[in-house]
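Biologist: I've just opened this one and would like to talk it through with you. Could you take my questions as they come?

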Amino acid sequence: MDKFIMPLKSDMQELVQHGSIQFPIQYYVNSIIADRNDNVPLHWHTRPEFFTVKSGTVKARAGSTEITVKAGEGLFMNVNTLHSYVAAGNEDCICPDIVFSEELLAPLNSAINHLYVTPLLLNERLPYIHLKPAVDWQWEILDCLDEIFALLQRYGAAGIYGEPLHVDYRHEDIESSCFEMSVQRCMNRAWQLLFTHRRECEFSSGIKNEHILLIRMQKMLSFINEYYSKDISLNDIAQSASISKSEASRCFQSYLNTSPVNYLLNFRVQKAMQLLRSSEMTVEAIALECRFGSAAYFCKIFRSRTGLTPKQYRRSRI
């Protein structure tokens, strides 16, 4: 999959229906090209996700935590967790993943959902689980995911981002006359393993008052998303969450390992990249649209972030 523009609400919630009402699961393959500054941007959704790395090494962020995910490993990303993915080094990354509804596992009003699904989804000590093949039960989950990916690659419908990149899976030659049931069987086995071993993965303690930090972060990210093209300051960002400048800096450092002003600058670069890909606007016009002040300053910042000038980046996307 080429770099996509993810539709997001102002609070960074992803605006995508994953799968259909009849079969609520969607398969994607994220191609994260290191030298293009590609990434899966910061977002969250109300459905759980399994993310894996087929090649390369990914630096993932889940809430305030940064995780290095190597080839052969994966992540379970719980609902409502603010997360993002970027290449950890110079190697390109191929990352299959699925986003699905808990209704795929069991009906919402069923005993299975009540006893085994909802308790895991609502467990604040499990924002994510890092899956590694060296751990037997985690390896079994990864193997279930490989079979699910192979089935969906062969039989599933493409999602909003188009036909995914073809990936070689261990179960690539699998056949099924009723693939939806095969997917559900593997999903239930993976979930059973997650639930059975959940206590081994719970965080004994998180950041103090993390739910408050999350609300503040969502307010500030929403403000930046809405007003990035205006003249805004650190004080404006802090005031959007009714906190001090020092507290705003602490929140951004805890969650994103950066400052609010640096995040704003990177956000403007991302918006500029989108305009370079999707419009015929001149570099000068994009510099003004994204509030860089001048084309010269825009080119300097853009090159420092991407390794390319705006014109070189535009040509590389043709």
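Biologist: Leaving aside its neighbours within four places in sequence, which residues is Glu147 in contact with?

Modeller: Bearing in mind that this is a predicted model, Glu147 is in contact with His171, Ile174, Arg185 and Cys186, once neighbours within four places in sequence are left aside.

Biologist: And where does Glu147 sit, and is Glu147 buried or exposed?

Modeller: Glu147 belongs to helix α2, and because its relative accessibility is 12%, under the 20% limit, Glu147 counts as buried.

Biologist: Changing topic to the largest nonpolar core: how many residues does it have, and which have the most contacts inside it?

Modeller: That core has 41 residues, and those with the most contacts inside it are Ile25, Phe50, Ile98 and Met187. At least two residues each are supplied by β1 (25–32), β8 (93–100), α1 (111–121), β9 (128–131), α2 (136–155) and α3 (179–196), with the largest share, 10 residues, coming from α2.

Biologist: Now the open sheet of 4 strands: what is the strand order, and is the pairing parallel or antiparallel?

Modeller: The order is β2-β7-β4-β5, and the pairing is antiparallel. At the edges are β2 (39–43) and β5 (65–70), each of which pairs on one side only, and the twist from one strand to the next averages 20°.

Biologist: How many bridges join β4 to β7, and which residue in β7 does Lys59 stand opposite?

Modeller: Strand β4 (residues 57–62) and strand β7 (residues 83–87) are joined by 5 bridges and run antiparallel, while Lys59 stands opposite Val86 in β7.

Biologist: Last topic, helices α8 and α10: at what angle do their axes cross?

Modeller: The axes of α8 (residues 260–278) and α10 (residues 295–306) cross at roughly 95° and come within 10 Å, which means that α8 is roughly perpendicular to α10.

Biologist: Which residues make that contact, and how do they divide into nonpolar, polar and charged?

Modeller: From α8 the contact involves Asn262, Leu265, Asn266, Val269, Ala272, Met273 and Leu276, and from α10 it involves Tyr297, Phe298, Ile301, Phe302, Arg305 and Thr306. The residues of this contact between α8 and α10 divide into 9 nonpolar, 3 polar and 1 charged.

How values were computed. Residues numbered from 1 in each chain as written. Predicted model: local features only at pLDDT ≥ 70, side-chain atom pairs only at ≥ 80, totals over all residues. Heavy atoms only, no water. Core = buried A, V, L, I, M, F, W, Y, C linked by side-chain atoms within 4.5 Å. Buried < 20%, exposed > 50% of the residue type's maximum accessible area, 1.4 Å probe, protein only. Pairing = 2+ DSSP bridges. Axes fitted to C-alpha atoms, helices over the stretch in contact; angles between N-to-C directions. Parallel < 35°, antiparallel > 145°, perpendicular 65-115°, else oblique. Contact = heavy atoms within 4.5 Å. Nonpolar A, V, L, I, M, F, W, Y, C, P; charged D, E, K, R; others polar.
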